[in-house]
Structures are given as C-alpha cells and as structure tokens.
Amino acid sequence: MSDQNRYNLRGVSAQKEDVHKAIAKLDKGLFPNAFCKIYPDYWGGDDAYCNLMHADGAGTKSSLAYVYWRETGDLSVWEGIAIDSIVMNIDDLLCVGATGPFTYSSTIGRNKNLIPGEVISAIINGTQSYFNRLAEYGIDVHLMGGETADVGDLVRTVIVDGTMSCRMRRDRLVTTEKMKAGDVIVSLASYGQATYEDSYNSGMGSNGLTSARHEMLQKEYAARYPESIDPNIPREVVYNGRFSVTDATETPLNVGKMILSPTRTYAPVVLKVLQQYFDKIHGIIHCSGGGQSKVLHYLPQPLRVVKDNLLPVPPLFRMIQESAGTSGQEMYQVFNMGQRLEFYTDPETAAAIIAISKSFGIDAQISGRVEASDTKEVVVDSPMGTFEYR
C-alpha cells in the first residue's frame with residue numbers, strides 16, 4: 001500500500017492541501033512570506049510595532065499519551081503534551097524574530113469519562129512549570145487562562161491546543177525576504193539532550209504522530225484501547241507495528257517515551273542568536289509539518305535550497321522507516337529526521353550560530369545552501385536517497 005493511501009485511510013495528510021486551499025483567499029498579513037502571519041499594531045496603534053498570534057497544539061500525540069498513561073500509570077507524559085502544545089506555538093513565532101514577552105491561552109477538549117481531573121491538572125500545571133523553566137533562560141510567557149471543555153460526544157480522549165501572542169517592533173522582524181543565493185543553512189538537531197531538558201530527546205516533535213503510532217505499535221492496542229483510534233479507520237492500517245510501548249530501545253527511552261519525547265524548543269538559542277546577529281539572519285524555518293521541504297512555502301522568489309550535509313538520522317526515525325517501509329521521499333517530507341530548526345545566513349555567521357547552539361548542548365552544522373534557480377525547489381541529498389520537492 002502506498003504512503004499516500006495509508007495517510008488517506010487514517011484521515012490525515014502530509015501537506016494538508018485542502019486546508020491551504022480553504023485559506024488561499026484570506027489576508028496574508030503585512031509580510032506574506034513570513035513564517036507567521038503578522039498584523040498591524042491593532043491595540044497599540046503604533047506603526048513601529050506589530051501584533052503576532054499563533055494557534056497550534058499537540059495533535060494526535062495526546063492519543064499515544066493516553067495509551068501510555070493507561071498502560072503504565074505515568075502521569076508525567078501529560079506534562080510532555082502540554083510542552084508540545086506550547087512549543088509548536090512558540091517555535092513558529094521564533095521564526096519571525098519574536099522572543100517575547102508572550103501571552104498564552106490553553107484550549108483543552110476532553111472526554112470526561114476517560115480523562116479525569118488528575119490528567120487535566122498534570123496538563124495545566126505542566127504548562128506553568130514549563131513557563132517557569134523558560135523564564136530561567138530569558139523567555140517570558142504569561143499564562144492567561146484558557147478553556148477546558150467536556151466534549152465527549154466530539155472527542156474520543158483529549159485534545160490539547162493553545163494560542164500564543166505577542167507585540168514586537170517591526171524592525172526586529174525576520175521575514176525571509178532577505179533569503180538569497182549564496183546563503184548557507186545552519187540546522188539544529190532535534191535529538192540529544194539540551195542543557196534545559198531533563199532527559200534525552202528522541203527528536204519526535206509534534207508532526208507525523210498518526211503515522212508513527214500506527215506504524216510502530218502492536219495491533220493489541222486497538223482492542224485494549226479502541227477509544228485511541230477512529231472506529232472508521234480500516235483495520236489494515238491500525239497499529240501495524242511490532243512494538244509495545246514499554247519495549248527497550250538503543251536510547252535511554254522505551255518505545256513509548258521515544259515517540260512521546262516533548263517537542264524541543266529552540267527559544268534560548270534563538271534569543272541569543274538574535275541578540276548578537278540579528279542583521280545577519282536572512283530567514284528562520286521551523287521544519288515541523290512538511291519536514292525538510294517546509295522552507296518551500298516561504299521562499300521569497302525562485303530559489304533552490306540544497307540540503308546535502310544533513311545531521312545524522314536519530315534512532316527513532318530509523319525505527320519508524322524500518323517498521324513502515326515508508327519511502328525516503330515521504331520520510332523527509334513528514335518528519336524532521338533529526339533537524340528541526342534552520343537559520344539562513346552567511347558562512348561567517350553560521351560558525352557563530354553553531355557555537356551558540358552547541359553551548360546549549362544542541363548539535364548543529366551547515367547542512368546546505370541556497371542557489372539561484374528558475375523555480376522554487378528543495379533538494380534533499382540524504383542517506384536514503386536524493387529527493388526533490390517543488
């Protein structure tokens with residue numbers, strides 16, 4: 001069965017083409033090529049400033065957290081889900097140069113019969129705990145409350161989303177308009193253990209979780225936790241893997257904890273880079289949905305982005321690929337494959353960014369370059385093959 005057919009049968013898509021079509025006619029904000037939508041300063045009325053707002057969440061990662069919690073009783077995975085929702089917001093905002101102060105509102109929809117108060121408490125308190133940790137590194141986020149709704153008729157287990165906003169000076173924006181041929185790409189690792197993380201991070205992030213969960217975990221979970229899946233999904237694409245969530249791996253984490261690794265934020269790194277090298281940064285890309293092809297949507301003009309010196313693929317993504325038999329072309333388009341944040345800059349500044357990243361325990365290297373082209377395209381030259389995205 002093809003990768004695309006599996007995605008369709010599971011009710012997901014790698015590129016969300018229908019969503020992009022639905023929003024095609026909407027106002028794209030002040031800087032259409034920016035990574036996030038940028039608005040005028042509606043509240044302050046100051047043309048020197050702008051407003052940013054971003055909404056995202058942990059996605060179907062919460063379904064795996066539910067299975068793991070039920071299997072092990074480990075409530076800590078819910079703090080991880082809170083972190084996922086936060087980071088999927090804040091790291092997108094980092095890509096336009098926003099470093100706070102931020103405000104954040106959480107939106108939780110749960111099936112009350114399955115998700116008790118102790119889980120909600122773990123999510124909400126985990127949110128504030130993570131903000132306290134970020135504050136130690138100069139990133140201020142203020143929890144403004146939110147909504148927790150009992151929507152069991154609509155949600156099978158729980159969905160955890162959030163909305164983040166900030167106000168910033170327009171002259172501190174990073175909008176990708178400066179990206180040009182001759183730029184190099186500095187890629188930051190999504191795996192390992194940053195100085196501000198408590199344990200090894202597999203690099204999972206919060207994209208591709210539907211595929212990862214079904215391709216890696218055993219069929220028995222469908223029978224034990226039918227609420228963790230859509231009952232309309234054909235059985236041949238449900239939990240097709242060979243692993244139990246508690247199986248050991250070559251990393252310090254078991255299989256479940258590998259897939260549930262909280263999405264790494266790069267906020268402390270980006271803050272330091274922008275404080276020292278703002279004028280040298282031509283673009284920042286968060287390789288989340290769309291994986292290594294993500295930059296394609298933000299090129300300001302026809303350019304070719306060549307990635308031919310990628311960071312090593314960490315164990316998690318090798319396990320997913322081996323379990324699913326997914327093509328390399330799809331793997332690099334669905335998953336970050338070990339590098340989730342990219343800086344576009346000159347070679348001299350690249351060396352300084354790499355040093356800053358490594359000072360936080362995050363591996364980084366020049367992974368490619370930008371070339372002149374008649375079309376917008378991304379070329380990934382990887383151990384799995386060479387792939388083109390247009």
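Which residues touch the most other members of the largest nonpolar core?

Of the 121 residues in the largest nonpolar core, the two that touch the most other members are W78 and F343. A nonpolar core here is a set of buried Ala, Val, Leu, Ile, Met, Phe, Trp, Tyr and Cys residues joined through side-chain atoms within 4.5 Å. Buried means under 20% relative accessible area, exposed means over 50%, and partly exposed lies in between, with a 1.4 Å probe and protein chains only. Helix α4 gives the most to this core, with ten residues.

A word on the basis of these values. The model is predicted, so local features need pLDDT of at least 70 and side-chain atom pairs count only at pLDDT 80 or more, while totals for chains, interfaces and linings use all residues. Residues are numbered from 1 along each chain as its sequence is written, and side-chain values use heavy atoms, with hydrogens and water left out.

Now the overall form. The protein has twelve helices and twelve strands; helices (H or I, at least four residues) and strands (E, at least two) are DSSP runs, numbered from the N terminus. Along the principal axes, the C-alpha trace spans about 55 × 50 × 45 Å. Of the 390 residues, 56% count as buried. Contact means heavy atoms within 4.5 Å. Among contacts with a separation of 6 or more, 81% are between residues 24 or more positions apart.

Let us return to W78. Not counting residues up to four places away in sequence, W78 touches S62, A65, Y66, W69, V119, A122, I123 and V158.

A65 counts as buried, at 0% relative accessibility. Leaving aside neighbours within four places in sequence, A65 is in contact with V77, W78, I81 and L260.

Next, helix α9, residues 267-277. Its buried residues include A267, P268, V269, V270, L271, V273 and L274. What covers the buried residues of α9 includes α4, β6, β7 (283-286), β9 and α12 (347-359). Consider A267 in this helix: at 0% relative accessibility, A267 counts as buried. Beyond residues up to four places away in sequence, A267 touches D91, L94 and I139.

Which helix supplies the largest share of the lining of the second largest pocket? The answer is α4, with five residues. A pocket is defined on a 1 Å grid over the protein atoms alone, as an open set of points where a 1.4 Å probe fits, with protein on both sides within 12 Å along at least five of seven lines; lining residues have an atom within 4 Å of a point. This pocket holds about 490 Å³ of space; grid points are joined across faces, edges and corners, and the volume is the space filled by probe spheres set on the points. Of the 24 residues that line the pocket, G80, I83, D198, S199 and P262 are the closest to its centre. Both α4 (76-94) and α5 (117-135) supply at least two residues of the lining. By class, the lining divides into eleven nonpolar, seven polar and six charged residues. Here Ala, Val, Leu, Ile, Met, Phe, Trp, Tyr, Cys and Pro count as nonpolar, Asp, Glu, Lys and Arg as charged, and the others, Gly among them, as polar.

Finally, some backbone features in loops. A cis peptide bond, with omega about 0°, joins G100 and P101. P101 is placed in the loop between α4 and β3 (102-110). T176, not a glycine, has a positive phi of about 70°. T176 is found in the loop between β5 (158-169) and β6 (184-189), and is buried, with a relative accessible area of 1%. M337, also a residue other than glycine, has a positive phi near 60°. M337 is found in the loop between α11 (328-334) and β9 (339-345), and counts as buried at 2% relative accessibility.
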